[in-house]
Amino acid sequence: MPLPGEPLRPIDHSAVGSGAILTRMDVALTTRNEAEMIASILGGDPERYHELIRPYERHVYRMALSFVKNEADAEDVAQEAFLKAFHHLASFRGQAKFSTWLISIALNEARSRLRLQSAVRMESLDEGPGEDGQISPALLRDWREIPSQALERKEVRAMVRAAIENLSPIYREVVILRDMEELSIEETAAMLTISTASVKVRLHRARIMLQKVLAPQLKSSAPQRRWFPWS
Amino acid sequence: MVIECKHVWDHLSGYLDSSLPADTRALVQKHLEHCEICSAILDSTRNILILTADDRVFEFPVGFSERLHARLNEEFHRDTGK
């Protein structure tokens, strides 16, 4: 139900997560022939690898940073992922998109780095609710924050980053792959070797957890909004 | 059939992904049309997804690309013995 004076009531559901729209990676691919680039690299022209990976640098770095939470480590993880992909390029058979294959290598590299950082101990302290428990969103009457404007504020960017980083790994992974990298439910399930039903459950819970954490924080950064009292 | 708010919350993610069965989606839609709170929760969740997907959240470090490609060049030259 629209409220008077509300600046943002998006109704276009393709704005987030619709499999019907081109992802950012797909758009990057529309003018590229990656199969030809890969064949050229494997045929003895490694310099073309620079060109092949350029559209994905930001994606791989972002995935690494959301896992290791440290810029220097994230850069190292990203570099290792690109090197590993180069050395294993011959094993890429084109059964998936190159971007998906590359992201799966980055995911594994980031997971390995987490294990090296004694992640088991950290995760046990930061497990969050199990997949069977109940989780409720933050209650509010309306939302007056326009996302593109909110992100112009450094503190909001830090809030969002911290909220993602503080999700326990099983939830963070689905958010990264589905909502940040815009993979489909099926691609996300294949990459994590879990069922599509599990992806949906984890994604739902992760999204509600993010809403629950971020909505009250964004409330305090813009006090003119009307909020529903906590129950 | 009418569903309560807490049941609508269980379907928010599926609603945003347009992956709900048609009958469930219709029930959720009908509830959202008259429930101010659930409608605001849906909007806030959708907008938070837009925030998380924005490239500005995880800033790209200056010089990352140059350092990456320099390291790749080292690797290429090592591999070819140049």
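Helix 5 of chain A passes helix 6 of chain A in a right-handed crossing, where right-handed means that the near helix is turned clockwise from the far one by less than a right angle, and left-handed that it is turned anticlockwise. This is a predicted model, in which local features need pLDDT of at least 70 and side-chain atom pairs count only at pLDDT 80 or more, while totals for chains, interfaces and linings use all residues. Residues are numbered from 1 along each chain as its sequence is written, and chains are lettered from A and ligands numbered from 1 in the order in which they are written.

The helices are DSSP runs (H or I, at least four residues; strands are E, at least two), numbered from the N terminus. The axes of helix 5 and helix 6 (residues 98–116) of chain A come within 9 Å and cross at roughly 135 degrees. Axes here are lines fitted to C-alpha atoms over the stretch in contact, with angles from 0 to 180 degrees between N-to-C directions. Helix 5 of chain A is therefore oblique to helix 6 of chain A; angles under 35 degrees count as roughly parallel, over 145 as roughly antiparallel, 65 to 115 as roughly perpendicular and the rest as oblique.

Residues are in contact if their C-beta atoms, placed from the backbone, lie within 7 Å. Among those that meet are Val77(A), Ala81(A) and Lys84(A) of helix 5 and Leu102(A), Ile105(A) and Arg113(A) of helix 6 of chain A. This contact has eight nonpolar, no polar and five charged residues, with Ala, Val, Leu, Ile, Met, Phe, Trp, Tyr, Cys and Pro as nonpolar, Asp, Glu, Lys and Arg as charged, and the others, Gly among them, as polar.

Helix 10 and helix 11 (residues 185–192) of chain A pack at about 135 degrees, with axes 9 Å apart. Their crossing is right-handed. The contact includes Leu177(A) of helix 10 and Met191(A) of helix 11, and its residues divide into five nonpolar, one polar and two charged.

Between the chains, the contact takes 51 residues from chain A and 39 residues from chain B. Helix 12 of chain A gives the most to the side of chain A that touches chain B, with eight residues. By class, that side has 28 nonpolar, nine polar and 14 charged residues.

Chain B has five helices and zero strands. Its C-alpha atoms fill a box of roughly 75 × 25 × 15 Å along the principal axes.

Notes:
Two residues are in contact if their C-beta atoms, placed from the backbone, lie within 7 Å.
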